[in-house]
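Please open the model in your viewer and keep the sequence panel beside it. The tour moves from one selection to the next and says what is there at each stop.

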Amino acid sequence: MQRIGVFVCWCGTNIAGTVDVKKVAEALKDEPGVVFSADYQYMCSQAGQDMIKDAVKEHKLTGIVVCSCSPRMHETTFRKTAAAAGLNPYMVEIANIREQCSWVHKEMPIGTEKAIILGKAAVAKVNLNTPLIAGQSPVTKRALVIGGGIAGIQTALDIADAGFPVDIVEKLPTIGGKMAQLDKTFPTLDCAACILTPKMVDAGQNENIRIFSYSEIEEVGGFVGNFTVKIKKKARYVKEDICTGCGLCTEKCPQKKVPNEFNLGMDNRRAVYIPFAQAVPKVATIDPNYCTMLKTGKCGVCAKVCTAGAIDYTQKDEVFTEKYGAIVAATGYNPISMDKFDEFAYNQSRDVITSLEFERLTNAAGPTAGKLLRPSDGKHPHTIVFVQCVGSRCSHDAEKGKEYCSKICCMYTAKHAMLVRDKYPDTEVYVFYIDVRTPGKAFDEFYRRAVEEYGVHYVKGMVGKVTPEGDKLKVLASDLLADKQLKIDADLVVLAAAIEPDKSARPLATMLTASMDTNDFFTEAHPKLRPVESPTAGVFLSGTCQGPKDIPETVSQASAAAAKVIGLLCKDKLTGNPCVASSNELMCNGCSSCEKVCPYGAITYMDKEFRMPDRTTKLRRVAMVNEAVCQGCGCCTVACPSGAMDLKGFANEQIMAEVDAICK
Amino acid sequence: MNVSYFPGCTLKTKAKELDVYARRCAEVLGVTLEEIENWQCCGGVFSTAKDEIASKLSSVRALTEARDKNQPLVTVCSACHNVIKQTNHAMANDADFALRANTYTGEPYNGETEVLHYLELLRDVVGWDKVKAAVKNPLTGKKIGAYYGCLLLRPGKVMAMDDVENPTILEDFIRAIGAEPVVYAMRNECCGGYVTLEDKALAKKKSSAVLENAAAMGAEMVVTACPLCMYNLKKNGGCDLPVVYLTALLAEALGLTDATHGCKEENNG
């Protein structure tokens with residue numbers, strides 16, 4: 001028989017406001033096995049924990065029930081308390097009488113009754129608890145960063161600085177990400193390339209960092225500290241270790257009409273290319289969709305001109321396996337497609353562009369060498385209309401746009417407007433907005449400068465329609481403050497397209513078993529207290545794959561994720577979760593039901609010799625659980641038709657005891 | 001093939017042309033429009049009041065009859081089409097509305113009928129190729145501005161006929177009859193609608209903006225499917241650009257009549 005102590009927490013008024021805590025403590029006192037019952041204002045405080053420790057000693061407790069907040073909040077706290085008092089930590093059960101009781105009920109009698117029932121259920125479970133010992137597993141001291149934008153680069157640099165090896169896997173031929181495409185950065189207007197490219201070079205030269213560019217993740221197995229990752233290195237038809245990046249091939253390639261994705265298709269590149277001058281690794285890549293040699297077998301110009309002999313048309317995709325202790329997702333974002341926003345005539349006129357295209361148009365390395373010229377006729381635009389929130393905050397039509405605020409558009413639009421007015425004082429610049437949102441250090445001052453110093457016309461209201469007419473774009477808009485309809489003859493319209501997670505994020509999340517929200521942003525373990533960790537142990541989040549954010553915030557989060565990774569890699573061994581599945585092999589008939597439902601691949605089968613009642617022996621196929629891989633989700637216990645599979649700490653018997661206690 | 005047909009009040013009075021040519025052209029293209037029995041006025045406008053069913057019951061009855069004959073229901077007038085299609089959508093998707101309407105009519109109907117505008121009939125049932133093949137008198141060289149107005153396409157998710165912002169169905173029609181479409185900004189803007197009864201000046205502003213824009217872009221005439229648009233453009237447009245019904249144009253192209261001179265005065269209000 002257990003000797004159980006019950007501790008009812010007030011949580012200030014959080015619980016005590018709707019639950020009569022004294023009555024709960026009183027009611028639970030007479031439950032089977034309970035030898036001590038008390039209440040206290042803050043059970044999680046030092047004094048509250050001491051109260052538990054003292055009671056364990058004084059009443060020789062073997063089990064503890066804490067009626068308090070969700071186990072996600074303080075289960076670990078109270079397990080540590082129990083351990084400090086000499087109890088096995090798994091002899092503690094939490095009855096959640098806050099989130100699942102006091103917070104959802106308004107009336108004291110109902111709250112109190114439910115709290116008592118939840119307490120009884122927890123007592124019934126502790127009566128059947130047994131001490132559990134957690135196993136340990138070693139840690140592979142190497143990290144994987146998926147995505148080589150500013151987020152991934154910063155995370156990798158910080159991990160490498162701490163002395164741990166780290167690999168960056170980037171799907172494009174170079175690292176750099178979206179930031180490499182930007183012209184200037186707010187709020188200080190320093191050029192993106194000037195602050196990014198040194199970091200790219202650092203990453204390329206750091207002896208702790210390996211960059212797998214033009215590569216993708218194929219498969220992820222294992223668990224925290226022991227991930228096994230299959231990486232596919234796509235054939236770039238150039239030997240990376242021999243290519244010197246001289247660029248001769250990219251000048252001589254006769255296939256000149258390939259849309260240049262780095263400039264968002266606003267100019268062309270060759271079939272063999274280096275994305276931009278500062279690319280890391282600075283190695284050429286042959287685009288198999290356009291290369292005449294690869295498509296027809298006739299050409300070979302690049303191989304002829306390459307003095308290093310780096311061209312290799314026979315190269316194949318290469319898949320290799322690496323082991324990692326921690327994985328950081330840094331897959332970034334993309335602007336959404338403008339196809340569903342035909343009212344802005346993006347697909348009807350080349351002079352309607354997105355803000356990212358605008359970045360390339362004002363960038364010295366862009367298609368116009370930094371001169372702001374209309375894509376249609378190369379003329380200098382005089383009237384420029386910026387439209388904010390194109391697809392952002394689109395809660396009235398979730399199929400068309402995104403419900404969330406993309407967060408960065410107000411600031412970069414202010415930047416664009418300011419830069420235009422600064423460079424071309426002969427222009428009229430309008431910005432249409434729903435709200436101007438500029439929280440951030442020196443952000444609002446920046447926006448005010450655009451309005452006050454640079455004379456940008458900020459109009460509260462949305463553009464209803466853009467129509468190409470002759471060489472003008474007719475812009476129909478409403479000015480909500482003046483209650484007027486505006487008609488503007490514009491030369492250039494710039495759409496601040498909402499941003500969305502990169503398409504590669506969803507399949508990656510599936511491979512990592514990391515959770516995502518409905519918008520395909522990775523979910524953090526706790527939105528406030530664990531913002532850079534995924535709920536999946538050993539998977540961390542960096543940058544816009546977790547939610548829209550600007551560069552300062554991305555870099556902060558990248559470094560935070562690195563700190564978490566370093567904390568993990570510093571450990572030699574990890575203590576596992578002992579609440580894992582176990583199979584009673586006498587009852588198992590080897591049907592494979594559990595193996596089929598296991599999301600972690602933790603179940604294997606083996607033929608085992610059993611002694612039969614008639615003294616003969618028989619080989620039977622039975623399930624085996626790899627305790628290091630099992631995450632304790634419990635799928636197998638539900639799937640098992642013979643009841644052989646059970647979860648330690650959450651045994652069927654324990655759960656049924658709880659249900660019985662609730663239904664009594 | 002036979003389809004159910006809902007002409008609507010205006011097509012029996014002011015816009016006879018729209019009705020007569022619709023039937024005759026459809027026959028030539030192998031489709032018989034079977035006028036449903038005892039149809040009543042669609043109500044003219046789809047009430048957005050959530051608790052209003054009375055004005056929509058006429059549509060429900062027409063839809064039920066088409067369902068019982070296992071035929072799609074074809075309309076020509078933009079306003080009728082809008083009311084009937086929206087009512088059908090509500091019957092299929094708004095359980096509360098459907099329950100009340102069904103309790104009233106006593107005949108269970110849950111939005112099973114397919115509602116087609118005449119243009120959709122041409123595009124999706126007949127097919128532009130077949131229309132092209134049937135053209136005897138192609139309107140070659142004619143520059144025609146398509147005027148969609150607002151009711152034909154919106155609300156876009158319910159009407160689901162074409163892209164509301166950048167539609168092509170009328171332009172495709174114009175091409176099919178051998179003419180040249182003129183794309184202009186105001187083609188899917190409102191003509192002023194019923195506001196002409198209350199604020200003539202506003203209706204004039206809306207209608208003239210449409211016609212002026214079409215003329216400026218080189219249109220020699222404007223084609224519409226809507227009697228109310230026809231009325232506004234003619235009376236309030238302040239411009240002598242001819243406005244014709246799409247069925248009249250089709251009839252001319254198919255060699256059934258000479259319709260390019262616009263509608264006869266008594267036929268368009």
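Which residues in H7(A) meet which residues in H8(A)? Select A:Ile150, A:Ile153, A:Ala156 and A:Leu157 in H7(A), and then A:Leu196, A:Lys199, A:Met200, A:Asp202 and A:Ala203 in H8(A), which they meet; two residues are in contact if their C-beta atoms, placed from the backbone, lie within 7 Å. By class, the residues of this contact divide into seven nonpolar, no polar and two charged, where Ala, Val, Leu, Ile, Met, Phe, Trp, Tyr, Cys and Pro count as nonpolar, Asp, Glu, Lys and Arg as charged, and the others, Gly among them, as polar.

Before going on, note that this is a predicted model, in which local features need pLDDT of at least 70 and side-chain atom pairs count only at pLDDT 80 or more, while totals for chains, interfaces and linings use all residues. Residues are numbered from 1 along each chain as its sequence is written, and chains are lettered from A and ligands numbered from 1 in the order in which they are written.

Now show both helices whole, H7 (residues 150–161) and H8 (residues 192–205) of chain A, whose axes come within 10 Å and cross at roughly 50°; axes are lines fitted to C-alpha atoms, for helices over the stretch in contact, and angles run from 0 to 180 degrees between N-to-C directions. That makes H7(A) oblique to H8(A), since angles under 35 degrees count as roughly parallel, over 145 as roughly antiparallel, 65 to 115 as roughly perpendicular and the rest as oblique.

Zoom out to chain A, which has 19 helices and 34 strands, these being DSSP runs numbered from the N terminus, with at least four residues (H or I) for helices and at least two (E) for strands. Its C-alpha trace spans about 90 × 70 × 40 Å along the principal axes.

Next, turn to where the chains touch: six residues of chain A are in contact with four residues of chain B. The chain A side has no nonpolar, two polar and four charged residues.

Finally, select strand E7 (residues 221–224) of chain B, where B:Met221 and B:Val223 on one side and B:Val222 and B:Thr224 on the other are all buried, meaning that 20 or more other C-beta atoms, placed from the backbone, lie within 10 Å of a residue's own. E7(B) runs parallel to strand E5 (residues 143–146) of chain B, with three bridges joining them, and B:Gly145 stands opposite B:Val222. Three bridges also join E7(B) to the parallel strand E8 (residues 243–245) of chain B, where B:Val243 stands opposite B:Val222.

Note on methods: Buried ≥ 20, exposed ≤ 12 C-beta atoms within 10 Å, placed from the backbone. Pairing = 2+ DSSP bridges.
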